[in-house]
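The following note sets out numbered points for a colleague to read beside the model. Each point takes up one local feature.

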Amino acid sequence: VKDLSRLGRDHIQVDMFREVEFPQMGVRLIAVADNYDGANLTHSANSMAQVKGLFNEWHAAEASIKVRDVFQAKRAAGQYIAKVPLGYKRNPLDKHKLVVDEEAADVVRHIFDLAVAGKGYEHIAKILANEKIKRPTAQTGCKPKKPYSSPYDWQYTAVRTILNNPTYLGHTVQGKYTTVSYKVKKVVKIPQEQWICVENTHE
């Protein structure tokens, strides 16, 4: 590798490979810029590699914090940085603003009309499927999380999401979820009182 950071920035994992896994497998690790050669490793070189591993991880942690801060500032300013919901598209003049996508918006209006008429989530989903209206992922071209047999196979959860989405009130609500850390990519839900809501940002 060019340097040890190219192998990884998690110093615990890198040290495990460097000091245990690679020697057991007979793998010779060379990091050119760090002047590191696993075949001719001195005590001082190993200690320096450990120190550089800590700095590499610190750099990754700092970058993660800066990126999170930038995203939080954009959210607080009402800039839309999330996935665009059905019925909207990004403003071609400002990608952080939403404008109505009239063709898709007709589907959203239809869903709300059915809800006002007293139809439940599952009933609405069946009506949309029978009317051969494509589900949201099929309309936007996004790859669905689960494989479906038909582009018209609406799920009640999709209907529920639309009917409960404050975006359709003209508000930008973001910051509902986050990851545990830059190392742990598990997604966790943030308490509602900590969500970032900016009202009247779009039609």
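1. N35 is placed in the loop between β1 (30-31) and β2 (36-37); helices (H or I, at least four residues) and strands (E, at least two) are DSSP runs, numbered from the N terminus. N35 has a positive phi of about 55° although it is not a glycine. With a relative accessible area of 69%, N35 is exposed, where buried means under 20% relative accessible area, exposed over 50%, and partly exposed in between (1.4 Å probe, protein chains only).

2. The model is predicted: local features need pLDDT of at least 70, side-chain atom pairs count only at pLDDT 80 or more, and totals for chains, interfaces and linings use all residues. Residues are numbered from 1 along each chain as its sequence is written, and side-chain values use heavy atoms, with hydrogens and water left out.

3. K132 also has a positive phi, near 60°, in a residue other than glycine. The position of K132 is in the loop between α5 (121-130) and α6 (136-140). K132 counts as exposed, at 55% relative accessibility.

4. Rings of Phe, Tyr and Trp (its six-membered ring) pair if their centres lie within 6.5 Å; planes under 30 degrees apart count as stacked, over 60 as edge-to-face and the rest as tilted. The count by this rule is three aromatic pairs. The ring centres of F17 and F22 are 5.5 Å apart and their planes stand at 35°, so this pair is tilted. F17 counts as partly exposed at 34% relative accessibility, whereas F22 counts as buried at 15%.

5. F112 and Y168 form an edge-to-face aromatic pair, at 5.9 Å centre to centre and 70° between the planes. F112 lies in helix α4 (residues 102-116) and Y168 in the loop between α7 (156-163) and β5 (172-174), so the pair ties together parts that are 56 residues apart in sequence. F112 is partly exposed, with a relative accessible area of 28%, while Y168 is buried, at 19%. Together with Y88, F112 and Y168 form one aromatic cluster.

6. Which residue has its charged end over the ring of W195? The charged end of K176 sits there, 5.0 Å from the ring centre. A charge sits over a ring if NZ of Lys or CZ of Arg is within 6 Å of the ring centre and within 35 degrees of the ring normal.

7. H171 is found in the loop between α7 and β5 and is buried, with a relative accessible area of 14%. A polar atom of the H171 side chain lies 3.2 Å from the backbone nitrogen of N200.

8. The second largest pocket has a volume of about 380 Å³. Of the 18 residues that line this pocket, R68, R75, Y177, T178 and T179 are the closest to its centre. On a 1 Å grid over the protein atoms alone, a pocket is an open set of points where a 1.4 Å probe fits, with protein on both sides within 12 Å along at least five of seven lines; lining residues have an atom within 4 Å of a point. Grid points are joined across faces, edges and corners, and a volume is the space filled by probe spheres set on the points.

9. In the lining of the second largest pocket, α3 (43-76) and β6 (177-179) each supply at least two residues. The largest share, seven residues, comes from α3. By class, this lining has eight nonpolar, seven polar and three charged residues; Ala, Val, Leu, Ile, Met, Phe, Trp, Tyr, Cys and Pro count as nonpolar, Asp, Glu, Lys and Arg as charged, and the others, Gly among them, as polar.

How values were computed:
A polar contact is a pair of N or O atoms within 3.5 Å; within protein, one must be able to donate a hydrogen and the other to accept it, and residues adjacent in sequence count only if both atoms are side-chain atoms.
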